[in-house]
Amino acid sequence: MKTTPTKICVLYDGACPRCIKDRDNYLRLAGGRAEGVSWFDITGKDEQLKSWGIDPRKALTELHVIIGSDETMGKRKENRDIAFAELDPGLALLDEPSVLSELDAYIVLMEKVPMLKPLAWFMGLSLVRPLLSAYYHKTVYKRLKREGRL
C-alpha cells in the first residue's frame with residue numbers, strides 16, 4: 001500500500017523568543033524528517049486566522065497545526081481552502097485540512113521525530129495529559145501577561 005505524504009503547517013508566535021527557539025530546536029532534532037513541515041508566523045495576522053476559522057486568541061495561547069495529505073490534492077471544498085495557500089500551496093488543494101491545537105499539535109509534531117516519539121506517547125497518556133495541559137496554559141498565560149499581550 002502506498003503511503004501519502006502528510007503536510008503539516010505549524011502556526012507559531014514569531015513575537016515569542018521561546019517559540020522561535022522551540023521551532024529551531026525542533027528543526028535541528030528533526031533534520032530531514034522536517035520535510036513536509038512548514039512554519040507560519042501568526043504575529044499580526046488576526047484577520048487571516050479568522051478567515052481560516054481559527055480564533056486568534058486561541059492561536060496565540062495554544063500551538064496550532066494544519067494537517068493534510070497529498071492524496072486529497074486537487075479537490076476544493078470551500079473558499080477557506082484557497083486562503084490556506086498562503087501557508088503552503090499544497091494545503092490549499094486539500095479536501096479537508098484538519099486543524100489540531102495544544103497538546104494534540106505537539107504530539108503530531110513530535111511523532112515525526114524518532115527521538116521525540118516516546119515523549120509524544122507520554123504526553124498522550126490520560127493521567128499526564130490534563131496535568132501537562134494545565135501547566136502549559138499557566139506558563140503561556142503568564143508569559144503573555146508579562147509581555148502585555150494578553
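Helices here are DSSP runs of H or I with at least four residues, numbered from the N terminus. The model is predicted.

**Exercise 1.** State which helix holds Glu102, and decide whether Glu102 is buried or exposed.

*Solution.*
Step 1. Glu102 is found in helix α5.
Step 2. Buried means under 20% relative accessible area.
Step 3. Glu102 has 16% relative accessibility, so Glu102 counts as buried.
Step 4. The backbone of Glu102 has a phi near 55°, a positive value in a residue other than glycine. Most residues other than glycine have a negative phi.

**Exercise 2.** Determine how α5 is oriented relative to α7, and list the residues that make the contact.

*Solution.*
Step 1. The two axes, of α5 and α7, come within 10 Å and cross at roughly 105°.
Step 2. Angles of 65 to 115 degrees count as roughly perpendicular, so α5 is roughly perpendicular to α7.
Step 3. On the α5 side the contact is made by Glu102, Leu103, Asp104, Tyr106 and Ile107. On the α7 side Arg129, Leu132, Ser133, Tyr136 and His137 take part.
Step 4. Sorted by type, the residues of this contact are five nonpolar, two polar and three charged.

**Exercise 3.** Describe the largest nonpolar core and the surroundings of Leu63.

*Solution.*
Step 1. The largest nonpolar core has 22 residues. Those with the most contacts inside it include Ile8, Val10, Leu63 and Leu109.
Step 2. At least two core residues come from each of β1, α1, β3, α5, α6 and α7. The largest share, five residues, is supplied by α5.
Step 3. Not counting residues up to four places away in sequence, Leu63 touches residues including Val10, Glu102, Tyr106 and Tyr136.

Methods
Residues numbered from 1 in each chain as written. Predicted model: local features only at pLDDT ≥ 70, side-chain atom pairs only at ≥ 80, totals over all residues. Heavy atoms only, no water. Core = buried A, V, L, I, M, F, W, Y, C linked by side-chain atoms within 4.5 Å. Buried < 20%, exposed > 50% of the residue type's maximum accessible area, 1.4 Å probe, protein only. Contact = heavy atoms within 4.5 Å. Axes fitted to C-alpha atoms, helices over the stretch in contact; angles between N-to-C directions. Parallel < 35°, antiparallel > 145°, perpendicular 65-115°, else oblique. Nonpolar A, V, L, I, M, F, W, Y, C, P; charged D, E, K, R; others polar.
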